[in-house]
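Subject: Structure handover

Hello,

Here is the structure you asked about, with the sequence. My notes on what turned up follow below it.

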Amino acid sequence: NMHTCWLPGIPLRTQLSGSVLFWFLHTSTYQNPPFQRSVTLTLPISYVIFMLDVANHKSKILYSHSSYNSLEGCLRYQDISLRNRGKGAKCVMKNKIEDFYVTQFAERGFTPAPNNLDYCEVGTTWQLNDKIGTGTFWIYNRQDLFDIKIHDFYLNEDTILDFNWPECLSIMQFDSISGEELSPYRRLEAGSVKSFIGGYSTYKVLIHKKIPIRTVGIEIMPAYYEDYLKEQYPDEYANPLKAFEAVGQTADFPEMSRLLKQVEAYRGNGISAGLFYEGKVAEAISLIVEWSRLQQQRKEVRKKLSAQDVQQLENLTLYLDDHCIQDIPLEQIVRISCMSARKLQTAFKEYHGCTITEYIKKRRMSQAETLLAKTDLSIGQVAQSVGYTSASRFAELFRKSTGLLPLEYRKVSQRK
């Protein structure tokens, strides 16, 4: 069947059987399209082209350039019921996340890449203009509650970027980055977890040319962390803003790194994808609140320890971070700490919330996760690289740490 749809003097034709191709220009309201169903669409946008499959009750965005980049939420059955003949429906798009990011994409040189299949299909992929750089930006958002973002691109030239983020709480993992925050100045470090607080001031950053920006992050909006959480936990609610601020930029948050790697690797669809991302957002907030609590606990411990003891513990921690793959005798650890063995064991556990042995194991498992996800080393080679001579012993400890065997973890983390 061939259909012609006219809006403000613009004809569009399609030879797709049972389909209608629409062009909505500026703020348009169109009623009674040329098929036997009454539909009203009110779209506060610049322009959008989408295809409506009448027979199968489906829609597909072909291209958009507007303050909103997706009509999917509007065209689902709860918004426009194609089955209810003659009843009509009305759709008004209200999505602050899409409003912000589509504007940002247009300003930064990103265009829709609907044929890109590298990411989870429930999100939207955007391609960077070749004149500016190379790579993609993927985003999935749930109304005005939260969004998931994956960056994988580089810029052709050193670039200073200004962002006026909407009010939000954000947590990100940098797998690859080269640049500096400029207000205030701080170097961005690969391998770190970083929190952002949006809505208060302009964020300015210098990104160095040709270095890949590979990050994955979760951004949570006030409708979620103020309204929704308060409604769900009225007697226990506390605004997580301070907890997010406490994270700052740290390389010592392996639980969050693990969660964000799971988010990056996920490739589900439909309702399972929605439930997965919703669960990971709640889990991320839980981890941040607990991490902040432990950091506050550490501060309380510091008050009980002398300044010299705190300095010795920090020196020892740095040493363990650099030599965690080695078998370090307890006697050597005691000498480095300049404490008695008994005092060290007590102070270290109070300061870190775990024993020295447990701390070393956590550091080893964190390094192993990176090697399994980013290299093709065999399991035996990974085990040796993080300090274990027995691959089976390593696999046992790794499963206790992550819930997965090393091969299972590699399969999940490298899944495309």
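Strand β14, residues 193-198, is largely enclosed by the rest of the structure, because five of its six residues are buried. This is a predicted model, and everything here is computed from it. β14 has strand partners in β11 and β17. With β11 it runs antiparallel, joined by six bridges. With β17, residues 249-250, it also runs antiparallel, and two bridges join them. Val 193 features in both pairings: Gln 173 stands opposite Val 193, and Val 193 in turn stands opposite Thr 250 in β17.

Val 193 is also one of the residues touched by Met 256, along with Ile 171, Ala 284, Leu 287 and Ile 288, if residues up to four places away in sequence are not counted. Met 256 belongs to the largest nonpolar core, which has 36 residues. Within that core, the residues touching the most other members are Ile 148, Ile 218, Met 256 and Tyr 277. Two or more residues come from each of β8 (133-142), β9 (146-155), β11 (168-176), β16 (213-220), α3 (222-232), α4 (241-247), α5 and α6 (270-304). The most come from α6, which gives eight. Another core, of 26 residues, lies apart from this one and includes Ile 97, Phe 105, Leu 155 and Leu 161. As background, nonpolar side chains in soluble globular proteins tend to be buried together.

Leu 229 is a residue of helix α3. Is Leu 229 buried or exposed? Its relative accessibility is 13%, so it counts as buried, the cut-off being under 20%. Leaving aside neighbours within four places in sequence, Leu 229 is in contact with Tyr 224, Tyr 237 and Ile 285. Asn 239 is 10 residues from Leu 229 along the chain, and the C-alpha atoms of the two are separated by 8.8 Å.

Last, the cavities. How many cavities of 30 Å³ or more are there? The count is two.

Regards

How values were computed
Residues numbered from 1 in each chain as written. Predicted model: local features only at pLDDT ≥ 70, side-chain atom pairs only at ≥ 80, totals over all residues. Heavy atoms only, no water. 1 Å grid on protein atoms, 1.4 Å probe; cavity = no way out; pocket = protein on both sides within 12 Å on 5 of 7 lines; lining within 4 Å. Points joined across faces, edges and corners; volume = space filled by probe spheres on them. Core = buried A, V, L, I, M, F, W, Y, C linked by side-chain atoms within 4.5 Å. Buried < 20%, exposed > 50% of the residue type's maximum accessible area, 1.4 Å probe, protein only. Helix = DSSP H or I, 4+ residues; strand = E, 2+ residues; numbered from the N terminus. Contact = heavy atoms within 4.5 Å. Pairing = 2+ DSSP bridges.
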